[in-house]
Amino acid sequence: MTVDEVGLAVLRIVGVLWILGAVFLMRQLWFNSKLDPMIEALDQMAKEMGAPDSGKKLDIDNGRERWMAAGGVIMLAAGVAMGLGHRLAAPLLAALIVQQLLYFIRQRRRELNAADAGDALHERPSRQTVNAFFFSLFVSVLAGWLYWRGALS
């Protein structure tokens with residue numbers, strides 16, 4: 001096997017895993033979209049029953065959910081392109097990197113504008129999210145290299 005064939009095989013395997021990951025992400029976002037109104041309703045019922053007010057308003061960040069959904073759609077498209085070994089994988093992965101960078105900027109702004117340290121910590125992207133970004137960067141470089149070598153169809 002040549003280096004191009006090995007790189008393409010790795011890209012295809014990652015593509016299949018990304019398709020599964022994107023489907024799982026979209027399922028989780030759908031679940032969250034159903035759960036958030038239920039939590040709000042329970043909070044309202046507790047207030048009506050005389051529960052003490054914690055003083056904190058539930059902050060359901062629909063913008064974050066939309067960013068994650070957009071990332072999931074791009075991830076799904078990139079996963080299909082990678083799985084097929086198609087040349088569209090490189091620009092789709094570049095779009096995913098840009099989307100992730102914009103998400104980090106958005107979350108940093110929310111972290112800096114948070115009311116207290118607990119809220120700020122909640123707004124900070126998790127370590128897993130940062131690690132996923134670096135893995136995406138690696139896969140993007142691989143896809144770009146394969147595109148440059150003409151190994152993608």
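Reader: Is Arg-149 buried, partly exposed or exposed, and what is its relative accessible area?

Author: Please keep in mind from the start that this is a predicted model. A residue is called buried under 20% relative accessible area and exposed over 50%, with partly exposed in between. Arg-149 has a relative accessible area of 44%, so it is partly exposed.

Reader: Which residue forms a salt bridge with Arg-149, and how far apart are the closest N and O atoms?

Author: The general idea is to look for a side-chain nitrogen of Lys or Arg within 4 Å of a carboxyl oxygen of Asp or Glu. In this structure Arg-149 pairs with Asp-4, and their closest N and O atoms are 2.9 Å apart.

Reader: Is Asp-4 buried or exposed, and which residues is Asp-4 in contact with once its neighbours within four places in sequence are left aside?

Author: Asp-4 has a relative accessible area of 17%, and therefore counts as buried. When those sequence neighbours are set aside, the residues in contact with Asp-4 are Trp-145, Leu-146, Arg-149 and Ala-151.

Reader: How many salt bridges are there by this rule?

Author: The count comes to 4 salt bridges. One of them joins the side chains of Glu-111 and Arg-108, at 3.4 Å from N to O; both residues lie in helix H3, 3 residues apart, which is about one turn of the helix. Another joins the side chains of Glu-111 and Arg-124, at 2.6 Å from N to O. Glu-111 is in helix H3 whereas Arg-124 is in the loop between H4 and H5, so this pair ties together parts that are 13 residues apart in sequence. Through shared partners, the salt bridges join Arg-108, Glu-111 and Arg-124 into one network.

Reader: What is the relative accessibility of Leu-93, and which residues is it in contact with beyond its neighbours within four places in sequence?

Author: Leu-93 is in helix H3, and because its relative accessibility is 0%, it counts as buried. Beyond those neighbours, Leu-93 is in contact with Trp-18, Ala-78, Met-82, Val-139, Ser-140 and Ala-143. Its C-alpha atom is separated by 13 Å from that of Arg-12, a residue 81 places away along the chain.

Reader: Which residues form a nonpolar patch on the surface?

Author: The patch is formed by Trp-30, Phe-31, Leu-35, Met-38 and Ile-39, which together have about 500 Å² of accessible area. Of these residues, Met-38 has its place in helix H1, the helix in which Asp-4 is found.

Note on methods:
Residues are numbered from 1 along each chain as its sequence is written. This is a predicted model: local features need pLDDT of at least 70, side-chain atom pairs count only at pLDDT 80 or more; totals for chains, interfaces and linings use all residues. Side-chain values use heavy atoms; hydrogens and water are left out. Patches are made of residues with over 30% relative accessible area and no salt bridge: like charges are joined within 9 Å, nonpolar side chains (Val, Leu, Ile, Met, Phe, Trp, Tyr) within 5 Å. Accessible areas come from the Shrake-Rupley method with a 1.4 Å probe; for residues, only the protein chains shown count as cover. Helices (H or I, at least four residues) and strands (E, at least two) are DSSP runs, numbered from the N terminus. Buried means under 20% relative accessible area, exposed over 50%, partly exposed in between (1.4 Å probe, protein chains only). Contact means heavy atoms within 4.5 Å.
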